[in-house]
Amino acid sequence: MSFAYKKVLVIGATSGIGWALAEKIVQDGKHVVIVGRRKEKLDEFEKKYGSEKVDSIVFDISKLDEIPKFVRTVTSEHPDLDSVFLNAGIQRGFDFSKPETVDLSVLELEFKTNYLSYMHLTTAFIPFLQKQEKETSFIYTTSGLALLPLPRCPNYCASKAALHHMILVLREQLRAGPGNIKVIEIFPPAVQTELHDAKHQPDIKDGRNIGMPLDEFTDAVWAGLTKGEEQIPVGFVAKAFDAFESKRQEMFKGFMMNMK
């Protein structure tokens, strides 16, 4: 099967999961508009695949007040955009038993990047996607830690849990509203990317070797995307779905039915 969308905006495409899935999209014969803070990495990707398949934009999504202008520019230059893939994120460690070590400015930046920026971007893109006659989509990268938190990175887990809950509700709201917007959520386990590198999290040793190999993860996600799945749990997260998340979501749907 082939990926359903023809032109995808990939935010957080300069490394790791975003880079790997942007490659899959291009290799499937589709067009990507890649976004990130590091121009040299965006240029590297565009040089590798060619400007006929790739456009790039340097943008920092933590600058929330600049998001409306960013979205206007993207949708003006790419009126055929039919999918928005929100993947950017950061992870930091916090130990609240040692409050003197907790940098609240870093905590705020992590939550702003992982959750608030997604909500600003989603809100800004919805009117454009609702006007499209064809099916469009939001694709979100959350985390298995949205379901099962890890003590060393509590704020990261909280940001991903917040995003996961918002996605559950957003999917139902958009399904009932105008347009044809599909909401897709990817749940990675730990994956071997620079997220865990010492430059970001010096308390982790050999962070790049933690978790599932990136290629293996990417193949699993791509299989789910090409099948049209709305939720794509990978690795241990699939076990969490079987154990409790699927039951919790059934309760969520039942709760919604009772509220009508």
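Is N155 buried or exposed? N155 counts as buried, because its relative accessibility is 10% and buried means under 20% relative accessible area, with exposed over 50% and partly exposed in between (1.4 Å probe, protein chains only). The structure is a predicted model, in which local features need pLDDT of at least 70 and side-chain atom pairs count only at pLDDT 80 or more, while totals for chains, interfaces and linings use all residues. Residues are numbered from 1 along each chain as its sequence is written, and side-chain values use heavy atoms, with hydrogens and water left out.

N155 is found in helix α5. Helices (H or I, at least four residues) and strands (E, at least two) are DSSP runs, numbered from the N terminus. The side chain of N155 makes a polar contact of 2.8 Å with the side chain of E110. A polar contact is a pair of N or O atoms within 3.5 Å; within protein, one must be able to donate a hydrogen and the other to accept it, and residues adjacent in sequence count only if both atoms are side-chain atoms. When residues up to four places away in sequence are not counted, N155 touches F94, L107, E110 and F111, where contact means heavy atoms within 4.5 Å.

The strands form an open sheet of seven, in the order β3-β2-β1-β4-β5-β6-β7, with parallel pairing. Two strands pair if DSSP finds at least two bridges between them. Strands of a sheet pair through backbone hydrogen bonds, either parallel or antiparallel. The edges of the sheet are β3 (54-58) and β7 (231-233), each of which pairs on one side only. On average, neighbouring strands are turned by 15° against each other, direction ignored. For such angles, axes are lines fitted to C-alpha atoms, for helices over the stretch in contact, and angles run from 0 to 180 degrees between N-to-C directions.

Strand β1 (residues 7-11) pairs with β4 (residues 83-86) in the parallel sense over four bridges, and L9 stands opposite V84 in β4. Strands β4 and β5 also pair in the parallel sense, over four bridges, with V84 opposite F138 in β5. Strand β5 is mostly covered, six of its six residues being buried. Both of its faces are covered: T136, F138 and Y140 are buried on one side, and S137, I139 and T141 on the other.

Helix α3 (residues 67-77) touches β1, β2 (31-36) and β3, and its direction makes about 155° with that of β1. Helix α6 (residues 214-227) lies across β5 (136-141), β6 (181-187) and β7, running at about 155° to β7.

The largest nonpolar core has 32 residues, and those with the most contacts inside it are L9, I11, F70, L121, F125, F138 and Y140. A nonpolar core is a set of buried Ala, Val, Leu, Ile, Met, Phe, Trp, Tyr and Cys residues joined through side-chain atoms within 4.5 Å. At least two residues of this core come from each of β1, β2, α3, β4, α4 (104-130), β5, α5 (154-176) and β6. Helix α4 gives the most, with eight residues. Apart from this core lies another, of 29 residues, among them V8, L42, L225 and I232. Leaving aside neighbours within four places in sequence, L9 is in contact with V33, V35, F70, V74, L81, S83, V84, F85 and F125. In soluble globular proteins, nonpolar side chains tend to be buried together.

Two loop residues were also examined. R38 lies in the loop between β2 and α2 (39-49). The side chain of R38 makes polar contacts with the side chain of T14 (3.1 Å) and with that of S15 (3.4 Å). R38 and F59 are 21 residues apart along the chain, and their C-alpha atoms are separated by 8.5 Å. G29 lies in the loop between α1 (16-27) and β2 and is exposed, with a relative accessible area of 62%. G29 and T113 are 84 residues apart in sequence and 30 Å apart in space, C-alpha to C-alpha.

The count of disulfides comes to zero, a disulfide being a pair of cysteine sulfur atoms within 2.5 Å. The sulfur of C153 has its closest cysteine sulfur in C157, at 4.1 Å, which is too far for a bond. C153 is buried, with a relative accessible area of 0%, and C157 also counts as buried, at 3% relative accessibility.
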